[in-house]
Each structure stands twice: as structure tokens, then as C-alpha cells.
Amino acid sequence: MSKVDLNCDLGESFGNYKLGLDEEVLPFISSANVACGFHASDPLVMSKTVALAKAAGVRVGAHPGYPDLVGFGRRNLNASPAEVKAMVQYQVGALMAFCQAQGVELQHVKPHGAMYNMAAKDIKLAMAICEGIYEVNPKLILLGLAGSQLIKAAEAIGLPYANEVFADRAYEEDGSLVARTKPGAMITDEDEAIQRVINMVKNKTVTAITGKEVPLVADSICLHGDGPKAVIFAQKISAALKNEGIEIASLAEVVSSR
């Protein structure tokens, strides 16, 4: 039986500002990427999100981003590899403290937003992120864009890794995501998104925005928890995977069975 992880970015509220449907989405996912305070979240939100994931039996990962609350970490930052490495270690360490305090094992690290997309194409940034993770804990799993420089960097230094695919994002022919500023970047039709996911998991390909079939590996599927239909979509995609005989499992299980 095929196994795939369902992950979601959570804990992205901040102070009085609530973002996402964390508690409602948690029952349908297997891994949670918890924001670490730079692009979103705060200490109370981080602590609460770890507790919610623990109660739901969902594995926890760190979701470090650029220090850009206003831009939600989606604006490119001209930071050196050394700076990015330190940013990652700082944020992973912060979330690790909350995990240790609640008896939860940190499972993985998934960079956020611009940091994720820039490192997917820039091997120096990718190496900085992976080295930063490795030095903190060489058993942490790097969750990165399927087939990207992040995956290659993890392979190069012996860091466990998982290939991530996106249910609701369009792809370029090189396997990168279509920029959000371009038309057609987001897949809004739920049925289309679900069929794309099934195809990615079973056939290891995705149809690029140009119509070309692009090969990829799908270890984990990202669901976005901040849309108005997030919960319905999480329910539908979970049911569709099970109907296809695909087991939803944590990243650790998927990586160990690969």
C-alpha cells in the first residue's frame, strides 16, 4: 500500500490576530508545520499549537521563515547563507523548547514562503538551511519542494528528507511552483486538486501549467489551513486518498518505508 503524509502550516495567528482553522484541520492531517515567530505566531500560539497537535496525535515540525511579519514571510529577503542558517537554527530551537516542555518529539523542519521558494532554486541557501537543521539534530526530516535544490542539499549532507507536493498550486515545467502573482497559480477547483494529488502519488507526475507532464515524487501533500474551504478540502482529500488505497501516515513513517 502506498503511504503519503498530509501536512498543514499551523500556528500562524499572532497576538489578537487569528489566522487559519487549526483545530478544525488537525483531525485530517498527519504532520503540522508550526510557525516559529518570524513570519507569524508568538510564544503563546506556539505553545498552544504544539499542545493541540499532541492531543490530536499529529506529528510536529518547525516552520521557520524570514523575519517579515507584515509580508507574512513571502517577500524575498537579501540575506546571506550564514544569516539564513542562523535564522533557521534560532527558530527550530524555539519550537524545540516548546516540544520538550510538553513531551513532544520534533519530527521535521519545513522552511516557509520566500525562504522555501528561494532555497528551492539556490543551492547555497539550501545547503545553509540543511546544515543548520543537521547541526541542531541530524535526525530531523527536511520537508522541501519535490526534486528541488533543498532535496539535493539534504541528500548531499545525509539529512533525512521528504519530497513535498502541493494540492492547490500550479507547477512550472521545471517542477517549481507558479508564482502567486501569475494567473492560474492557485488551483481553486477542489475536484481538480484532488485528482492532481492522486495522480502525483500514484503515477509520480504532475501536469504543468503548460500542459506538459512533469515527473516528481510525492512523500507529503501540503494543505493550506487558512482558506475558507480548508476543512472541507481536508476532509475530501483525506477520503479520496483512502478510497484509492493510499494510507495517510506521518513523515517519519513515509521516509522509513521508502
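Colleague: How far apart do the centres of the positive and negative side chains lie?

Modeller: In this predicted model, the chain carries 24 positive and 29 negative side chains. The centres of these two sets lie apart by 1 Å.

Colleague: Why is the chain said to be as compact as a globular protein of its length?

Modeller: The chain has nine helices and 10 strands. For 258 residues the globule rule gives 18 Å, and the chain is close to that value, so it is as compact as a globular protein of that length, with a radius of gyration of 17 Å.

Colleague: Among contacts between residues at least 6 apart in sequence, what share joins residues at least 24 apart?

Modeller: Buried residues, those under 20% relative accessible area, make up 55% of the chain. Of the contacts between residues at least 6 apart in sequence, the share that joins residues at least 24 apart is 71%.

Colleague: What span does helix H8 reach from its first C-alpha to its last?

Modeller: Helix H8 covers residues 230–243, which is 14 residues. At 1.5 Å a residue the expected value is 20 Å, and the helix comes close to it, reaching 20 Å.

Colleague: Which strands are among the elements that cover the buried residues of H8?

Modeller: The buried residues of H8 include Val 231, Phe 233, Ile 237 and Leu 241. An α-helix has 3.6 residues a turn, so residues three or four places apart point the same way. The cover over the buried residues of H8 includes helices H1 and H7, and the strands among it are S1, S9 and S10.

Colleague: Which residue with a positive phi follows H8?

Modeller: The phi in question is near 75°. The residue that follows H8 with this value is Gly 245.

Key
Residues numbered from 1 in each chain as written. Predicted model: local features only at pLDDT ≥ 70, side-chain atom pairs only at ≥ 80, totals over all residues. Heavy atoms only, no water. Helix = DSSP H or I, 4+ residues; strand = E, 2+ residues; numbered from the N terminus. Expected span 1.5 Å × (residues − 1). Buried < 20%, exposed > 50% of the residue type's maximum accessible area, 1.4 Å probe, protein only. Contact = heavy atoms within 4.5 Å. Rg over C-alpha atoms; globule rule 2.2 N^0.38 Å. Lys, Arg positive; Asp, Glu negative; His and termini not counted. Charge placed at Lys NZ, Arg CZ, Asp CG, Glu CD.
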